Amino acid sequence: MITLHVIDAFTDQPFCGNPAAVCVLERPADERWMQRVACEMNLSKTAFLHPCEGGFGLRWFTPITEVRLCGHATLASAFALWELGILPVDQSARFFTLSGWLTCNRQADWIEMDFPASPCEPTDGKEQLDAALGVPTKNIYRTEFDLLAELDHEETVARLQPDMTLLAAFPVRGVIVTAVASSAEFDFVSRFFGPNAGVPEDPVTGSAHCALAPYWQTKLGKNDLTARQISQRGGIVKMHVSGNRVLLQGQAVMMSRVELFR
């Protein structure tokens with residue numbers, strides 16, 4: 001019997017943030033089995049980790065595919081290691097992933113993750129993206145994994161009802177939409193749509209903030225930023241931009257346990 005823990009990430013409230021399933025294994029698992037488990041869990045990400053030299057091997061799967069970088073399931077994985085007593089809370093959680101080594105540290109009630117920054121470059125396709133989103137964009141960019149579009153207002157981001165078929169025509173992992181926050185509590189807001197990854201809308205997307213942080217750092221002239229992803233569940237991400245790295249901070253809540261019999 002194998003146990004998975006479901007953790008709500010980027011929130012301190014149950015039923016908010018982004019839920020991820022975390023499966024701690026003794027050794028690497030078969031890739032086909034991991035994909036089937038992720039499909040069975042039907043969450044935006046299921047994380048599989050096992051001990052390796054220097055830390056833990058970590059892989060992330062959506063219901064239909066493996067991804068190269070995931071923030072909320074990394075946060076959830078570190079939280080699980082500390083909560084389950086596998087690591088002492090004062091010890092770093094180090095993960096070897098398809099994006100290299102990622103390190104997480106406990107900062108009181110927050111978890112800080114050291115991630116690679118993902119700079120964005122202007123790109124073509126504004127007319128097609130405007131049609132897919134159903135609203136005009138101010139600017140569009142290409143990041144390592146996604147498209148990023150700035151909109152005119154937080155309310156416009158909140159009301160979006162994009163055409164998922166048109167979004168899926170773009171050869172990217174997903175589409176990030178963002179705007180300056182209306183509230184002084186936050187610097188910017190965002191949403192993330194990933195139909196090509198089997199996730200029509202991701203509740204809170206840590207890896208998207210690896211692009212959003214340097215983008216808004218340049219526009220706002222700030223290295224320290226606080227953002228809210230305004231999906232139905234919602235979540236808060238704190239960021240510090242340091243050269244080609246982004247330190248992401250979030251909270252997490254243990255929600256449930258799933259036992260696999262087969």
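Reader: How many bridges join strand S15 to S16?
Author: Strand S15 (residues 224–229) and S16 are joined by 6 bridges and run antiparallel. Strands are DSSP runs of E with at least two residues, helices are runs of H or I with at least four, and both are numbered from the N terminus. Two strands pair if DSSP finds at least two bridges between them. This is a predicted model, in which local features need pLDDT of at least 70 and side-chain atom pairs count only at pLDDT 80 or more, while totals for chains, interfaces and linings use all residues. Residues are numbered from 1 along each chain as its sequence is written, and side-chain values use heavy atoms, with hydrogens and water left out.

Reader: Which residue of S16 is the bridge partner of Thr-226?
Author: The partner of Thr-226 in S16 is Lys-238. Lys-238 also lies over the face of Trp-110, 4.1 Å from the ring centre. For a charge to sit over a ring, NZ of Lys or CZ of Arg must be within 6 Å of the ring centre and within 35 degrees of the ring normal.

Reader: And what about Arg-94, over which ring does its charged end sit?
Author: The charged end of Arg-94 sits over the ring of Trp-101, at 4.3 Å from its centre.

Reader: Back to the strands: what is in the hairpin of S15 and S16?
Author: There are 5 residues between the two strands, and Gly-234 takes a positive phi near 75 degrees.

Reader: How is S16 joined to S17?
Author: S16 and strand S17 (residues 245–250) run antiparallel, with 5 bridges between them. Val-241 stands opposite Val-246 in S17. These two strands form a hairpin with 2 residues between them, and Gly-243 in the turn has a positive phi of about 60 degrees.

Reader: Which residues make up the covered face of S16?
Author: Gly-235, Val-237, Met-239 and Val-241 form the covered face of S16 (residues 235–242), whereas Ile-236, Lys-238, His-240 and Ser-242 form the uncovered one.

Reader: What does Met-239 touch?
Author: Not counting residues up to four places away in sequence, Met-239 touches several residues, including Phe-188, His-209, Leu-225 and Leu-248. Contact means heavy atoms within 4.5 Å.

Reader: How many residues has the largest nonpolar core?
Author: The largest core has 53 residues, and Met-239 is one of those with the most contacts inside it, as are Trp-60 and Phe-95. The largest share of this core, 8 residues, comes from H2. A nonpolar core is a set of buried Ala, Val, Leu, Ile, Met, Phe, Trp, Tyr and Cys residues joined through side-chain atoms within 4.5 Å. Buried means under 20% relative accessible area, exposed over 50%, and partly exposed in between, using a 1.4 Å probe and protein chains only.

Reader: Is Ser-77 buried or exposed?
Author: Ser-77 counts as buried because its relative accessibility is 0%. Ser-77 is found in helix H2 (residues 72–83).

Reader: A change of topic: how many aromatic pairs are there?
Author: A search of the whole structure finds 7. Rings of Phe, Tyr and Trp (its six-membered ring) pair if their centres lie within 6.5 Å; planes under 30 degrees apart count as stacked, over 60 as edge-to-face and the rest as tilted. Tyr-141 and Tyr-215 form an edge-to-face pair, 5.2 Å centre to centre with 65 degrees between the planes.

Reader: Which parts does that pair tie together?
Author: Tyr-141 lies in strand S10 (residues 139–142) and Tyr-215 in helix H6 (residues 209–220), so the pair ties together parts that are 74 residues apart in sequence.
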